[in-house]
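Student: I have a new model open on my screen, and I would like to learn how to read it. Could you walk me through it?

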Amino acid sequence: MSQGEKPIPKWREDFPTEQENDDFITRRDFVRFLGLVSAGFVVGNGTLFVRSLWAEEGPFPEVEISGAMDLEEGQWLVFNYPDDKTPAILIRRETGEFISFLQKCTHLMCPVTYHPSEDGHGETIRCHCHNGEFDINTGQGIKGPPRDLRPLRQVVLRVEEDRVLAVSLNEIRFS
Ligand code: FES
């Protein structure tokens, strides 16, 4: 080492790197990392999307909905249909009738919830992510982003004397 030169720290002797390339290497590695994460994200979401479509195409099982007969008018519950990873809602309407839809909002898949009548506003199904609202009779979006999308998919029910069964999904309708 000549006079005036800075002494080389011990850590740099142990971990020699070319300092002028540090940023370049870091940026390149960062971009590579981002690329890998993005690819993983796309593949993961794509797989989930295809699996969910597959599960919603039948053949459909007949599933007894646990707790259905305990619901009072204006109450609802969540169950899984047609597989054990797909949430759906069962609503006992204020009229006493049962109705059911898949719970994923048609906008960005947030869970939808049932709301009984209040302040002169009839029963509705709402999505709180972006203030979406659906017609409880048809599942058609009537407010917010779902207004321009396909309706909620309806679960077809069979109501027997002492139980309620989910038996299939209705056809996907595009408006
Ligand atoms: S996810 Fe439901 S309105 Fe956006």
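This is a predicted model: local features need pLDDT of at least 70, side-chain atom pairs count only at pLDDT 80 or more; totals for chains, interfaces and linings use all residues.

Student: How do I read strand pairing, and what is the strand order in the open sheet of three strands?

Tutor: Two strands pair if DSSP finds at least two bridges between them. In this open sheet the order is β1-β10-β9, and the pairing is antiparallel. At the edges sit β1 (63–64) and β9 (155–159), each pairing on one side only.

Student: What share of the chain is buried?

Tutor: A residue is buried if 20 or more other C-beta atoms lie within 10 Å of its own, exposed if 12 or fewer, and partly exposed in between, with C-beta atoms placed from the backbone. Of the 175 residues in the chain, 19% are buried.

Student: And which residues have the most contacts inside the largest nonpolar core?

Tutor: A nonpolar core is a set of buried Ala, Val, Leu, Ile, Met, Phe, Trp, Tyr and Cys residues joined through C-beta atoms within 7 Å. The largest one has 23 residues, and those with the most contacts inside it include Ala88, Phe101 and Val155. At least two residues each come from β3 (87–92), β4 (98–102), β6 (124–127) and β10. The largest share, four residues, is supplied by β3.

Student: Which residues does Val155 touch?

Tutor: Two residues are in contact if their C-beta atoms, placed from the backbone, lie within 7 Å. Leaving out residues up to four places away in sequence, Val155 touches Tyr81, Ala88, Ser100, Phe101, Leu102, Ala166 and Leu169.

Student: Now a loop residue: is Ile65 buried or exposed?

Tutor: Ile65 lies in the loop between β1 and β2 (75–80). It counts as buried because it has 21 C-beta neighbours inside 10 Å. Its contacts, not counting residues up to four places away in sequence, are Phe79, Leu90, Val164, Leu165 and Ala166.

Student: Which two residues does the cis peptide bond join?

Tutor: Look at Tyr81 and Pro82, where omega is about 5°. Pro82 is in the loop between β2 and β3.

Student: What is phi for Met109 and for Asp119, and where do these residues lie?

Tutor: Met109 has phi near 70°, a positive value in a residue other than glycine, and lies in the loop between β4 and β5 (113–115). Met109 is partly exposed because it has 14 C-beta neighbours inside 10 Å. Asp119 also has a positive phi, near 50°, in the loop between β5 and β6. With 4 other C-beta atoms within 10 Å, Asp119 is exposed.

Technical notes:
Residues are numbered from 1 along each chain as its sequence is written.
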